[in-house]
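Trainee: Take me through the paired charges in this model, please. I want a close look at that one part.

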Amino acid sequence: SLNVLDPAGSEEQRNPRKVVGELFESENPDVAVWIAAKAARMLVDNEHSDRASELCSRAAEAAQGRTTCDAIAWLRLECGQAFFRRYEYDHARAHVETAFSLLQDCSGDSLRTAEAAHRLGSIARRLLDDDTARSYFRQALERRERLAPDSMCVAKSLSSLGGVEARLGDLDEAEALQERALALRQSLSPGSLEEADSYSYLALIAYRRGDLARAYDLWSKTRAIQETLAPESRGLALTLNNLGAVAQGEGRLEHAQPLLERSLAIYLEIAPASRTVVRALTNLGVVAQERGDLAGAERFYRRAVERAQKRQQDPENTAVLLENLGVVATERGHLDTAEESIRASLEIQRTIAPASGGVARALNNLGIVAIHRGDLDAAEVALKEALAISQEIEPDSLALAWRYFNLGRIALDRGDLLSAEDHFRQAVEIRSRLAPETLDVATTQRYLAMVA
């Protein structure tokens, strides 16, 4: 075993420079490279990332001239993958970029070079750099189609590139790429988890297009494979969550709830600290809210907020959850909880983007809480600020109509009929154009009739 892995060893014994020197003195260079890669992965898994990164670099330097360029590149790829699995993308990118450069010099047009390009694409995608991800995935696909046509690695590149195209908004191109990936997977490995992944990507595209029936059918195919090959897995939990979201969107709330509950149970068992638990709790909160179970909705939202705040990794989502909790608390008449939650949401959203739709929405909801308290002055201040933001960034929207409608209610309560009429007319005009068949139009017209 390597001293670098022994937590009881001295600082000198665990020094990567010393360990690597001893390793390459006592072992065949190829074996030393293999041991160093495995040791680095174990260090990353035990949260010793800096030592792992130094170990990889020292081992790569020591291997120069003693083993092949391919072996050194493999070491870098293995180190990069270890960091990638631990979500440490900067470390991962540094090692994989070095591997890619080495492979281009010593292997040129090879499948390993294609693999390095693919991994750089995956890292860029995780860092939300979709243009860079697209470039690397295209490089990997071009090499793989030339060197290993009609293979599973080609299907992998097609699927990854399709995922990026979908994120960039080109759903037609994304669908074409995913269909090609699916055809290869059905031919080469029917009934596999890779085939299930293709169904899932195509389902997501259908969902984004609003074709809920097709999305549900495709995710059901994903589920059938996962139930057989990967029961109680993270992939199955995600599929169940997606099926629940589709059922919810179709109004089948009683069908959605058990799907979401099972998804949550799996996540709590295998990944209790992951953000997917927050997502599952949120979806259950939405379903409970739509079913009229406000107490249940508040419980789910509160659990989601607590977990999101502990993670401290997605402030925008935390703000939305706090706002959802505040809206439900308002409906239940728990106005202190409502105001506290919405103000916390507003503070986060102002930090992210001072004049955004999220800020306007939070101000609107804060105004509604003030209306319920009977504090019309505070309500007017919040709603006027919300109106000013909406007029600037969403000038022709249903959100703006809500700002006018709520200000109309305040003016009506104060007996200012002229101001109330003006606000209600503005709301009616927008709603009649953008959502003519909705109940909101009739409601606003009724209020307008009261003051006109």
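Mentor: Accessible areas here come from the Shrake-Rupley method with a 1.4 Å probe, and for residues only the protein chains shown count as cover. The protein's accessible surface is about 21500 Å², with 48% of that belonging to carbon and sulfur atoms. This is a predicted model, in which local features need pLDDT of at least 70, side-chain atom pairs need 80 or more, and totals for chains, interfaces and linings use all residues. Residues are numbered from 1 along each chain as its sequence is written, and side-chain values use heavy atoms, without hydrogens or water.

Now the charges. The protein carries 55 positive (Lys, Arg) and 69 negative (Asp, Glu) side chains. Salt bridges (a Lys or Arg side-chain nitrogen within 4 Å of an Asp or Glu carboxyl oxygen) number 33.

Start with E54 and R58. Their closest N and O atoms are 3.4 Å apart. They sit four residues apart in helix α3 (a DSSP run of H or I, at least four residues), so about one helical turn separates them.

Next, R361 and E323 form a salt bridge at 3.0 Å, N to O. This pair links distant parts of the chain: R361 is in helix α18 and E323 in helix α16, 38 residues apart. R361 is partly exposed at 35%, whereas E323 is buried at 3%.

Finally, a network: salt bridges with shared partners join D172, E175, E179, R209 and R214. Within it, E175 meets R209 at 2.7 Å, N to O. E175 lies in helix α9 and R209 in the loop between α10 and α11, so the pair ties together parts 34 residues apart in sequence. R209 is partly exposed, at 38%.

Key: Charge placed at Lys NZ, Arg CZ, Asp CG, Glu CD. Helix = DSSP H or I, 4+ residues; strand = E, 2+ residues; numbered from the N terminus. Buried < 20%, exposed > 50% of the residue type's maximum accessible area, 1.4 Å probe, protein only.
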